[in-house]
Amino acid sequence: MRLLMWWSGRALSSAATLLGVSVLIFAAVRLMPGGFAETVLGPFATAEQKAELAARYGLDQAVFLQYGHWLSAVAGGDFGVSMISRQPVGAELLARLPVTAELTVLAVLASVLAGVPLGVLTAVRARPEGGGAAGRLLSGLGVSVPEFVLGSLVVFVFSRYALGLKVGSWVPLTQDPAANLATMILPAAVLSVFSISVTARTTRDAVMGVLVEPYVTAAVGRGESPWFIVRHHILRNAATPVVTLIGTTTAYLLGGALIVEHVFNLPGVGSYIVQAVGRRDYAVVQAGVLLAAGVFIVMNVLIDLLVGMLDPRLGVMAGRRS
Amino acid sequence: MRNLRLACGVAAALLASACAATGTTTSPTAAAQQSAAPGYLALADQSLPSGGTLNLQVHIDSGAATGYDPQLADVATTWQLLSLSYETLVTVGPDFSVQPLLAEKWDTPSPTEYVFHLRKGVRFANGREMTADDVVGSLKRLLASKSVWRGQLGPVKSVTADGDGEVKVTLSEPYTPFLTALANVPAAVLPMKEIDDKSVDPATTLLGTGPYVVENHRQDVSWAFKRNDQYWNKGKPAADALNITIAPEEAARIAALQNGSAALATLGNVDSATMLAGAGNVQVGTQATTDFYYLMLNSLKPGSKLADPKVRQAIAIALDNQQIADVALGGQGKPTAITPAGLPGACDPAALPSAAKSVDDAKALLAEAGAQDLSFTLTIFSTEPAPAVAQVIQQNLQQAGITVKIEQMDEASWSGKVYGKAPADFDAALSWFAGYADPGMVTKWWNPETAGFNVGFMKPDKELNTLIDAAGKEPAGPSRDQALTAVCAKADADAQMIPLVTRPATVAFRTDALSPSLYATEGYGNVLRLVADARVKKTQ
């Protein structure tokens, strides 16, 4: 019963969040300066052609009516039609989703595989009086350098010195996995720099917090090996904030993918949205943002479930404590 | 510390291996131009075998909001892509002369009559032979459409088929640019039988007589073309397939060229040639175009001092177009009048009335108009080199005591502000025109009643319109040159749209992957015009 209530609560709050996002994005695209007609049809379009375009996409109706029609269509799985390509937005999003998903998965993997060991290492080796300035500097840099700066730098450097990696082109995973990887490694690396830094930092703090716990001291006293202590006592107890962070970061990475896909010319959801914003292709921007919000919400639910598995005290079945 | 040393070591090893990967050095532009015949930036080596797949990258896809219908295509990027599948009765050569294409030859029995003798054995990609009815139907459809090109075709009175192999076009009065206007994609011959029986919708299907047919198109991602086995010009196209990737980021296109993912790419930044200098097996060339930048001065904004012709003339005088070409375009553009520089018969920009005057004359005109402290905002889009052009304009006008504030925005916001309403809500704006292949064609856009897009910021000038029409009727030769000179002088005095400099196109290709043909100068912005001649050396 408690589980059912938890799921109902999450579903309701998720629906409310999505509704709020839908209102915000719908209003935002219409408040953007620049007319869709001039952008889509070009300067030579006549007033009649502009009116025809507006009528075709229902943009001549009152805004609240447009919103109502769009929302009911989205609820039925119809994300509308792109004004630029005249193709269904949903189909194009589906076609592009694997690229963004692959990029994000690679970046998350890099974050976990590099960030967690780095965090553990720096925490275990940290001196009581402080130190680790190099680590802090690197993670600070990683957090503060924007993707478009790092991406542009990587494109420039690797266009000259390829080292077997490809920039500026993309090969589908299904066509040639090795060639696909050669085109995805650099974008994924750029995308992951922020999350590696944050993961390393959070892991370090979490591990340092656990290191002073009495059960760790007892384990040392029992003569257990350092690796055994890290694996059985430290990692599990330090995992909750790290897992939460990785989940949140995954959603953040989807946002970063917008820039990275554009810079590296990857045909994913991110570059689709960036181009649509530039052309005032309303249906695409609305659908893209709603999709990102949906992923964010789903990720949060998954994190809650995972955290509950790692630490039953915090799980969905834990109930309230007063 | 040990970790730091290890990191430094790894970085040094990476850098060392990276430097070892550097290719041989080639000099850009010059190398491309030396090897080509007169009028060509590059000429394909016909001794190389045919076949292979050609990978290209361009910065923007076709403007698909109007679909694939070539008659509704109004931007050069769309013409470029559609020209791979569609062909016109005539085409333009490297010197802008009109040359046969689907019409083998033509007669001009009088200045208002053109009889086209159609090439035999031309088939659409579906195998059906092209007929005179297709040509007649296509031209009639174009004339009845909302196409912007309808105005460029001139005063067409009738289009009739003369048997199976001839088409006669009669004009209501002489119109010299007629043949040149027929040479662009909107005047392509369409499969009218299929369009009429509705088995083909040109908005969604490309079915032409051109060298390639579309296999796949994903908007803003890529095009895949394969050779048209029905193509009438035997031996062409040389490449079996074309893959065109849409890569908006210039750095990504440069990277693709350098790592061999792309055999040819179009580039927009004038500094890209410098960036590619030293890249192994990459050759960069600047294709001159008839496209040109121009400054719009809004004479319809209520209360604006730019409504005064003297103020506008002062601005025209104070501008130093040579400096714009040298500084903002790296010396690759040329000052121009409203007839694009480089076209036969175009006016000499140095002979314009404003060119003979000085900054002091500009100041005097401003004083006469009571606009000594003139200040206005110049609205530009952020795509390079527009910001650089705007900065030189700002500095030029400062010499005449005019203060210019530059307002930079994304293209959509810019379009909305400049074309969104009438009267338009801007002071001055920067843009560029496609210059076409006849010096009289683009002058038509100086008549807002014909052009349409500028009715929000430009007053029609009856005298200028009369001169433009008169120049269109004059046969090519000294009398037309004189008529065009009068048009240029009048537009210079009107100064509602001030021509600045031509807009060059940069093309880069890999010499180890491709032997392309490229005109040295292009009128319709079509870098891919001669792609059917290109020989693939290797495909990556």
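The model is predicted, so local features need pLDDT of at least 70 and side-chain atom pairs count only at pLDDT 80 or more, while totals for chains, interfaces and linings use all residues. Residues are numbered from 1 along each chain as its sequence is written, with chains lettered from A and ligands numbered from 1 in the order in which they are written.

Let's start inside. A nonpolar core is a set of buried Ala, Val, Leu, Ile, Met, Phe, Trp, Tyr and Cys residues joined through C-beta atoms within 7 Å; buried means that 20 or more other C-beta atoms, placed from the backbone, lie within 10 Å of a residue's own. The largest such core has 240 residues, and Ile315(B) and Val389(B) have the most contacts inside it. Helix H10 (residues 226-264) of chain A supplies the largest share of this core, 15 residues. Helices here are DSSP runs (H or I, at least four residues), numbered from the N terminus.

Now look at helix H12 (residues 359-368) of chain B, where Ala362(B), Leu365(B) and Leu366(B) are buried. Down the axis of H12(B), the buried residues fall within an arc of 100 degrees, so they line one face of the helix; the arc is taken from the directions from the helix axis to the C-beta atoms. Their cover includes helix H10 (309-318) of chain B. Just after H12(B), Gly370(B) takes a positive phi of about 70 degrees.

Over in chain A, an automatic or database assignment sets the domain bounds: domain 1 (18-67) and domain 2 (97-310). Their C-alpha centres lie 36 Å apart.

Notes: A residue is buried if 20 or more other C-beta atoms lie within 10 Å of its own, exposed if 12 or fewer, and partly exposed in between; C-beta atoms are placed from the backbone. Helices (H or I, at least four residues) and strands (E, at least two) are DSSP runs, numbered from the N terminus. Two residues are in contact if their C-beta atoms, placed from the backbone, lie within 7 Å.
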